[in-house]
Every structure is written in structure tokens, then in C-alpha cells.
Amino acid sequence: MHSERYALPTILLHWLGAILIVAAFGLALALSGMHLSPLKFKMIAWHKWLGITVLGVTALRLLARLVWKAPAMPADMSPAMQRIAHLGHLALYLFMLAIPLSGWAMSSAYGIPIVYLAKFTLPDLIGANEALGAQLKTVHVLLNWTLAAIVAGHVLAALKHHFVDRNGLLWRMSPHAPKN
Amino acid sequence: MKKRLALALILSVPLAQAAPIDTAQSHIGFTMKQENAPVEGSFKTFSGNVTLDLAKPAAGRADIVINTGSIALPTREAENETHKKEWFNSAQIPTARFTATSIKSLGGNRYQFAGKLTLKGITRDVSAPFTAQKQGALTVVDGVLPISRLAYKIGEGDWSDTSTVADEVRIKFHIAYHG
């Protein structure tokens, strides 16, 4: 039994977003313990570019959801579980928007404009204010660990549906249709 | 007694009047590019004298000493880094010095100075245009002096890589003095 798949652009954007988020998160973890060095500056720059790309991809994903309706939840899910799944997805979208924006605001508050891909200068979201920058850093980190927990739940739920409930859920996000 | 007074008067009236910088009204900042993102900083502590009669700029002089340890940057981490040997080495070389020894008019309120900048013990000739205007009792001088940080060994070792921190640093000066 397989439920309908998401539209192909939605599927591709989902996995692109996932890769970018894992990369940005991993970079931040790696650089947080590093002493200041040219490499650290480069990693901070890549982290910002990845984050801004996540923001763009998330915006595209929201547009894609407006254009292509999401397939219905698997029929074996109870209405309560479906509601929880919807809330979880809503939280994922909110965090995928809030996290890059908090990072962008943090950079603005520190007085360091973001120059996307070293080419495009983004406007500052707020004025320079070092104390606010430090507070936004705390917010940015907290939001990230919360997102990490939600993503862990998202992945575990998807695996549970697919391998325990055997409802073929993962096929919904596969770029290839199942073979049967 | 009279002689001493006369001597004091002579000493207190030099050829042109040197005025101490009004540090509260003055600002010495800079912009550098990190991964092509412009980052601003400044030096909080400096002092000096300016001798500049706008009607007779040729006789003008400036001498400013900057405390390099007073640097302000976007993050504390970056400030601490710049105190190190690779950057300003501010424990061993606590000051930088700027002198302008030749000033000429470019017309209007625009002028050009030539002088020397000593950073990290390295002295180089510098020259840049600036504007000067009276603002009440103060004369205010504004200008930008682009320098090569590597010419002064600011950022050695790994930091000499200009793809991360660009070589050009634009020093922005806003100097107010009574005169």
C-alpha cells in the first residue's frame, strides 16, 4: 500500500533543504570551539551563506506547498496523530524561517553585514548593538537545538511509519516512484 | 620675574598655534573587508595636536598618537585577537603615530596632507585628501586614508591571507580641534 507522493519540486526542495541545514548546523558545531583564524572566518562566512540559502529554499518550499497540494496523510494514522504530524511540519517551517532570520539579525547586531557568496550585500535587519548581538546568538543557538530535537522526532516518526507500520511513508518523499 | 614672564609669553606663542585635539568630538575609525563583508572598527584612545590655520594651510602640521590596545571591533573575540603579536602586538608596541608635515589647499574646503604613519614600528609615507571646516569654536577635519595592512605587518602568518581579511584598510578620521 502506497500513498500518493509529493510533487517532484517539493521533494527535491525537501532534500536540498535537509542537506543545507545539516551542513550549516555541522559547520557551526565545528567552528564554535575554534580559535579565531582565517579558516574560522571562512567557515563563518560559509555558515551564513548556507543559512541564507536555507531561508530562500524554505520560502520556495512554502510557495511549492501553495502550488502543489500535499498528499493526504496515510489512512492508517489516527486523526490525533495526523494533527500532531501537521503541527510538527508547521513547527519545522517556522524554525526553518526563524533560525536563518535570527542568525542574520545576530550578524547585523554585531555590525557585520552579510555579503551573500561574497557578492551580494544583504540589508542589515537591525542596527549594530553588541549586547543585542550576544542575546541573539543565545536565541539562535537555542532555536537550533530545538529544531534538532524536532528534526529527530520527524526522522524517527518517518522511519517508524515506514519500517514498523509498513505504510510506505518514505516513498512520499522519494524522487523515484516505488517499483511494484 | 619680568624676564621669566616674557620668556613664558614667547614660548606660549609659537609660530602657528598648536591646538590639542578635542578627543570627545573626534573619531578615528576604519573599515576592512572580511570575506568581502565591510567590518567597522575604531580606536577609542588617541591624543595629539593639530596646527592648521585654514587660511595658511602650508604651515599646517598634525601629530596624533593612537593607543592600539584601545581598538574596538564587532566582537570581543576579534578585539583580543588584534592585541596579539600577529596583529598590533600592543603589549610590546602600544602606540601608533600619525604626522602630517605638508598640507596644501585643493580649493574650497578641500585639502591634501602628506606625512608619515607609524604602525607596529613600521613607518611609511602617507597622503590623502581631506575636508576642513569651522564649526563654531572648533575646526573639524574629515578624510579617509586607505592603507595596506600588510605594509605594516598587521596580520602576519596565517592572517596575511588577503582572501579572508583584505589588505586594504580604510582609516576614517574625524578630528576636531579648537582653532
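Before you start: residues are numbered from 1 along each chain as its sequence is written, while chains are lettered from A and ligands numbered from 1 in the order in which they are written. Since you're looking at a prediction, local features need pLDDT of at least 70 and side-chain atom pairs count only at pLDDT 80 or more, though totals for chains, interfaces and linings use all residues.

**Exercise 1.** Work out in which order the elements of chain A run.

*Solution.* Start with the tally: chain A has four helices and two strands. Both are DSSP runs, numbered from the N terminus: H or I with at least four residues for helices, E with at least two for strands. Now walk from the N terminus, and you get α-α-α-β-β-α.

**Exercise 2.** Find which strands stand at the edges of the sheet in chain B.

*Solution.* First, write down the strand order of this open, antiparallel sheet of 11 strands: S1-S4-S5-S7-S8-S9-S10-S11-S2-S3-S6. Strands S1 (19–20) and S6 (71–72) of chain B each have a single partner strand, so one side of each lacks a neighbour in the sheet. Pairing here takes at least two DSSP bridges. Next, check S6(B): two bridges join it to S3 (residues 37–43) of chain B, running antiparallel. Finally, spot Phe43(B) opposite Ile71(B) in S6(B).
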